[in-house]
Amino acid sequence: MGMNWRKIEEFFFKTLMIGATLIVIASLVLILATIVVKGAKAMNWDMLTKTPEGGFYLGKEGGVLNAIAGSFYLAGGATVMAMVLSGPIAIYLNIYARKRSKTAEFVRFSLDVLWGVPSIVYGAFGLTIMLYFGMKASLLAGMITVALLELPMMARAMDEVLRMVPHDLKDASYCLGANKLETSLRVIVRQTLPALMTGVLLAFGRGIGDAASVLFTAGFTDYIPDSLFGPAATLPLAIFFQLQTPIPEVQDRGYASALILTMIILAISLVVRLLTRWFDRNSV
Amino acid sequence: MVHIDVQNLSVYYKGQPGLRNIAVEIPRNKITAIIGPSGCGKSTLLKTFNRLLDEQEGIRIKGTVLVDGEDIYADKVDVTQVRKKVGLLAQRPQVLPMSIYDNVAYGPRIHGVRGRKRLDGIVEEHLKMAGLWEEVKDRLKSPASGLSIGQQQRLCLARGLAVEPEVILADESTSALDPISAETIERRFMELKNDYTIVMVTHVLRQARRLADYVIFLYMGRLIEHGPAQEFFDHPKYAKTQGYLSGRFIEEHKIDRELDLKCGEFSADMKIVRDEFGKIKPGQILRVTVDREEAVGEMSGSIESDGHRILEAKRVGKISWEIVAEKQKRIK
Ligand SMILES: Nc1ncnc2c1ncn2[C@@H]1O[C@H](COP(=O)(O)OP(=O)(O)OP(=O)(O)O)[C@@H](O)[C@H]1O
Ligand SMILES: [Mg+2]
């Protein structure tokens with residue numbers, strides 16, 4: 001009797017595990033299949049290498065290089081900004097602050113809350129600030145907004161990485177007369193660099209794929225951005241605009257653009273996995 | 001000559017004491033061994049000498065540690081300078097995540113040494129000092145984590161020596177090593193003691209006998225006995241030391257009678273003590289608490305010459321010392 005019940009329990013749990021796993025894999029495959037099937041038709045070299053020419057959104061010649069470049073500029077700049085803030089936060093939380101320090105706990109809590117804030121709210125916030133300072137929608141405004149969006153994710157990822165650094169390693173550096181800053185930069189960051197980079201790349205992935213935060217803040221243009229203060233196109237918005245039109249060819253290009261964005265994110269995920277593996281091998 | 005002077009040092013872990021009222025002087029250019037059963041506070045004591053304990057959470061340190069006569073816990077003291085002067089070799093070797101070369105050069109670079117040539121010289125010199133040079137000279141640029149544990153321990157020694165400390169604290173530095181590597185390290189210590197003050201923690205009594213000039217015996221956070229090695233091993237004064245050295249189980253003494261003495265004139269005090277002995281049977285134990293350090297030695301001496309056995313004499317508070325003695329059969 002008892003034996004049977006345990007078997008049923010285990011069977012039930014196994015089914016649940018397999019089911020959940022299948023759902024994950026199936027969704028990924030379905031999403032990829034949709035954008036590949038629909039996007040492949042419109043996918044060509046021009047998409048990657050040309051900016052929209054006259055009548056592009058009505059089905060004429062051109063590509064989305066403006067959005068590809070804009071997305072990389074914007075997410076790249078935002079990621080650098082977020083990094084400049086996240087690094088010091090993570091180092092403060094783990095090296096300088098006492099373990100149960102109230103400030104540190106409050107900072108962590110704030111980051112967790114910020115992480116959960118929907119990106120449209122960041123967009124609205126960015127817009128408010130822009131209006132206040134009389135700025136136009138621009139690459140810079142988009143960067144700042146996306147940096148704020150990326151910050152909680154990146155800072156918490158780095159925080160978790162630094163939290164795992166063994167006490168002995170810090171002590172080894174302290175014992176040689178190094179102070180906390182030297183220990184952080186020369187030993188701890190070095191030891192955890194691949195894992196920290198993983199956090200950076202994940203945040204980059206979030207930033208490059210987000211539409212809502214750039215909707216009001218970055219604007220849109222058919223040209224490759226040449227100034228921080230001019231507008232910048234982004235892939236998510238390019239997808240959005242193209243899918244909105246009633247013209248089938250343009251919709252297909254929307255799927256092709258989605259395919260491009262997905263490939264970029266896929267590439268980032270692969271790099272993250274490689275880095276993680278490398279990290280596991282090299283840590284002392 | 002005293003190098004590290006520990007005065008009335010107590011360490012509390014989250015309120016509960018880890019070390020209690022330790023007072024001891026560590027001689028210069030000698031090897032001092034700290035021994036005692038696991039958990040008695042050896043590592044804790046060692047870590048108070050370079051303020052490494054500061055980095056731990058929830059710890060309170062009371063008392064004074066003087067290195068070269070300077071209080072290392074004073075407000076104005078730069079803790080990185082303390083650690084430069086008093087190097088600590090951890091129980092488990094912990095190499096830094098960089099090349100062999102950079103591990104050794106790490107300390108000197110931190111302390112402002114620049115220039116390829118100078119660093120090359122420093123790295124070679126200290127790897128030789130630690131007896132590792134021959135094994136690694138052809139792969140200085142490869143990651144230190146690729147070395148064997150024994151080699152890593154010697155690398156840590158080289159790295160520690162490269163900052164040119166005056167004191168080397170070694171926490172069971174040979175416990176993770178095979179006998180050959182352990183002997184290599186031991187031999188280094190014997191050579192190094194001419195120029196450095198070495199304080200080592202060890203579980204291996206034979207090792208303490210081989211190496212130590214001076215011995216400190218801790219038991220449950222208390223300093224039980226300390227003295228020159230020869231004397232310490234050949235004529236341990238107290239029951240707990242004798243028990244530990246002979247590998248016997250150390251039991252807490254069952255106190256049959258207690259006497260709390262405000263010290264006055266010595267012969268009068270001694271009379272009170274003798275009266276107390278008169279009230280107990282042979283084999284029973286009397287504990288006398290006194291409030292003057294000088295009284296401890298004198299009184300123990302007199303109690304012994306009366307024919308009783310001193311089991312223990314130790315500091316228990318800022319101004320209190322305990323003598324625990326067992327009454328013996330009357331000697332005719
Ligand atoms: N961080 C800490 N928090 C709380 N208690 C601690 C801490 N570190 C040490 N202790 C306690 O202090 C006492 C002394 O510890 P310590 O590490 O100094 O012992 P030890 O003599 O070095 O032992 P071993 O020979 O096993 O290394 C032990 O009872 C230990 O449990
Ligand atoms: Mg220890």
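A residue is near a molecule if one of its heavy atoms lies within 4 Å of it. The legends below describe close-up views of a predicted model.

**Figure 1. The shell of residues around ligand 1 comes from chain B.** Ligand 1 is surrounded by Tyr13(B), Ser38(B), Gly39(B), Cys40(B), Gly41(B), Lys42(B), Ser43(B), Thr44(B), Gln56(B), Glu172(B) and His203(B). Of these shell residues, two are nonpolar, seven polar and two charged. Helix 1 of chain B, residues 42-48, gives the most to the shell, with three residues.

**Figure 2. A salt bridge joins Arg156(A) and Asp112(A).** The N to O distance between the two side chains is 2.7 Å. Arg156(A) lies in helix 6 (residues 139-163) of chain A and Asp112(A) in helix 4 (residues 102-116), so the pair ties together parts that are 44 residues apart in sequence. Arg156(A) has 11% relative accessibility and counts as buried, whereas Asp112(A), at 36%, counts as partly exposed.

**Figure 3. Arg156(A) and Asp112(A) belong to a network of salt bridges.** Side chains of opposite charge can pair when their charged atoms come close. Over all chains, the structure holds 35 salt bridges.

**Figure 4. Arg51(B) and Asp54(B) form a salt bridge in chain B.** Their closest N and O atoms are 2.8 Å apart. Arg51(B) has a relative accessible area of 13%; because buried means under 20%, this residue counts as buried.

**Figure 5. Glu276(B) pairs with Lys279(B) in a salt bridge.** The closest N and O atoms of this pair are 3.4 Å apart. Glu276(B) is buried, at 8% relative accessibility, while Lys279(B) is exposed, with a relative accessible area of 52%.

Terms used:
Residues are numbered from 1 along each chain as its sequence is written. Chains are lettered from A and ligands numbered from 1 in the order in which they are written. This is a predicted model: local features need pLDDT of at least 70, side-chain atom pairs count only at pLDDT 80 or more; totals for chains, interfaces and linings use all residues. Side-chain values use heavy atoms; hydrogens and water are left out. A salt bridge is a side-chain nitrogen of Lys or Arg within 4 Å of a carboxyl oxygen of Asp or Glu. Helices (H or I, at least four residues) and strands (E, at least two) are DSSP runs, numbered from the N terminus. Buried means under 20% relative accessible area, exposed over 50%, partly exposed in between (1.4 Å probe, protein chains only). Ala, Val, Leu, Ile, Met, Phe, Trp, Tyr, Cys and Pro count as nonpolar, Asp, Glu, Lys and Arg as charged, and the others, Gly among them, as polar.
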